[in-house]
Amino acid sequence: MTTNAFSSAPLLTLSGVNTFYGQAQVHFDLSINVARSHIVCLLGGNASGKSTTMKIILGLVKPRSGDVSFDGASLLGLTTPQIIRRGIASVPEARRLFADMSVRENILMGAFVRNDRDAVAQDLERMLALFPKLGQRLSQRAGSLSGGEQQMVAMARALMSRPRMIVMDEPTMGLSPLYVDRVLELIRTINQEGVSVFMVEQNASLALEIAHEAYVLQTGKIVLSGSARALKDDPRVRDAYLGGAEAA
Ligand SMILES: Nc1ncnc2c1ncn2[C@@H]1O[C@H](COP(=O)(O)OP(=O)(O)OP(=O)(O)O)[C@@H](O)[C@H]1O
Ligand SMILES: [Mg+2]
């Protein structure tokens, strides 16, 4: 793995980002760091600007000001495929699979930036070891899978680009409790293999279980940040996002 001279510097940095949709400002001076090999979670309620933060990282939305840098180099001005080639993969909201294509085709779609066919075939095998349930479903139409299975396909597809970082939008949304646990466990496994994770979540108690650090976004502003352990015990997070005493 290549690292630049600043290997103790954060892998991903958003600094002073201001984002607008037309006249409406959705990010106010947003600054976020994702340390190498860490899981960082962005928490926040509806319409706080979480998904837009992912889109900024992926180059799908351009900030009006501020910078986004990955491994020491700015991502601004790059196209999404160029950003993916730098080593960032995404698991978008609601998985976004090609419903009429097979599970195999969907997973292989993640390797579109690669030319090394033999290694791609090996990686597909690796995905089936990581997500054994998908092995029996390779020829099945992706649209016919359960929500949890679709989440696994979306994660496998992201890993097929051999990313250094994965960004995920609400990976546990709409999943049954069994799959929520499975997905969190898989995120941890992926991270232990050295992939940094930036995830957006509304469910703070779940996210703080696996994150190293977290940021709390409120109407486009970071209002709290710190280690997941500290935030779990922070009364402001507990009251606003963990359902107060109920979540204990
Ligand atoms: N393409 C767009 N054009 C105009 N406004 C948009 C667009 N996308 C998002 N917005 C607005 O920007 C704000 C932030 O949206 P965003 O999707 O980032 O929030 P979110 O925190 O992900 O919300 P949710 O929890 O509902 O997923 C919202 O008010 C939304 O209506
Ligand atoms: Mg969203």
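View 1. Together, domain 1 and domain 2 bury about 1800 Å² between them, with 69% of it on carbon and sulfur atoms. On the domain 1 side, look for I84, Y179 and L186: these lose the most area to domain 2, and together they make up 27% of what that side buries. Keep in mind that you're looking at a predicted model. If you go by contacts instead, 21 residues of domain 1 touch 22 residues of domain 2.

View 2. Domain 1 comes in two stretches, 1–87 and 165–248, according to the domain assignment. Domain 2 is the stretch 90–162. Taken over C-alpha atoms, the centres of domain 1 and domain 2 sit 23 Å apart.

**View 3. Polar contacts to ligand 1.** Zoom in on the oxygen atoms of the ligand. A polar side-chain atom of T52 lies 2.5 Å from an oxygen atom of ligand 1. With S51, it's a polar backbone atom that is 2.8 Å from a ligand oxygen. S48 also uses a polar backbone atom, at 3.1 Å from an oxygen of ligand 1. And how much of ligand 1 does the protein bury? Taken alone, ligand 1 exposes 640 Å², and the protein buries 59% of that.

Note on methods:
Residues numbered from 1 in each chain as written. Chains lettered and ligands numbered in written order. Predicted model: local features only at pLDDT ≥ 70, side-chain atom pairs only at ≥ 80, totals over all residues. Heavy atoms only, no water. Polar contact = N/O pair within 3.5 Å; in protein donor to acceptor, adjacent residues only side chain to side chain. Areas by Shrake-Rupley, 256 points an atom, 1.4 Å probe, with all protein chains shown as cover. Domains from an automatic or database assignment. Contact = heavy atoms within 4.5 Å. Buried area = accessible area lost by both parts, 1.4 Å probe.
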